[in-house]
Amino acid sequence: MFRLTACFVLLVFVTNSFGQDFKLTSVFRSEYVFGNGVLVSDKPVIQTDLYIGFENGLWLDFWGSVPADFSDIGKDFATELYPTFGWSGKVDNYKLTFSAGYDDLNRAGTLEKTDFVVLVGEISRDFEISKSFTVTPFLHVETNFTFDGAVTGDTLPRFGSYYSWKLNDTLSLGGKAYVLYDPGILFCQTALIGSVEAALHWNISENVTIELPYARFIAPITGVSDGRKEEMIFGAGVSFKF
């Protein structure tokens, strides 16, 4: 817990000194499921994200997960630390993002050979269907490595779309849907995974947004016998911009 607090204080200092864009988000989720459908924790979690953006497109992000009841922190996969740095920008009408992150898994807060290095690239483009409704198709490619050599460049591509529907000046509906190809990373079998999520966003002020409710459905599209199954996740959250 001390390391988590120290990192947070350091990032706040960097933001106040050099950052151009600061966003703090904290969400409650009824369970924690990886993007490839692996159930990490069947108990509720609180996940907090601190984002720092700069004028040149570079950014820093510090994401963390802990059990919602704050018990057994650091003792299972519900606890996770994931610092990332990257760059986002535009080429013509296309948005590009490239990043590298260190996924500190069980036991979080320690440097283990089973931790992941994650490289990500994403390209997307906005399409304004109407003045209030926008869809943003994307291609997201994630490549993973572990220090113990168990994972050596396994790549999980996903194709999907973000969407945003402005209902009025205060309320909007947003989320994303995607199909992911899992080549069989670690104990998983080769599979296609589908995910759909949606949330109502309440703009309380220029700097504060509440997410309520949130729902996500994720499931294997192809048959697997590795324990992955249909999962339904519910939640809520709040974000602050500075």
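In the hairpin formed by β4 and β5, four residues lie between the strands, and glycine 57 takes a positive phi near 95°. Strands here are DSSP runs of E of at least two residues, numbered from the N terminus. The model is predicted: local features need pLDDT of at least 70, side-chain atom pairs count only at pLDDT 80 or more, and totals for chains, interfaces and linings use all residues. Residues are numbered from 1 along each chain as its sequence is written, and side-chain values use heavy atoms, without hydrogens or water.

Strand β4 (residues 45-53) runs antiparallel to β5, to which it is joined by nine bridges; two strands pair if DSSP finds at least two bridges between them. Aspartate 49 has tryptophan 63 of β5 as its bridge partner. Strand β5 is also joined to β6 (residues 80-91), again antiparallel, by eight bridges, and aspartate 61 is partnered there by threonine 84. Of the 10 residues of β5 (residues 58-67), eight are buried, that is, under 20% relative accessible area with a 1.4 Å probe, protein chains only.

Glutamate 31 is found in the loop between β1 (21-29) and β2. This residue is buried yet has no salt bridge, and lysine 229, the nearest side chain of opposite charge, is 6.1 Å away. A salt bridge requires a side-chain nitrogen of Lys or Arg within 4 Å of a carboxyl oxygen of Asp or Glu; Lys and Arg count as positive and Asp and Glu as negative, with His and the chain ends not counted. Beyond four places away in sequence, glutamate 31 touches residues including Lys43, Glu231 and Met232, where contact means heavy atoms within 4.5 Å.

Methods: Buried means under 20% relative accessible area, exposed over 50%, partly exposed in between (1.4 Å probe, protein chains only).
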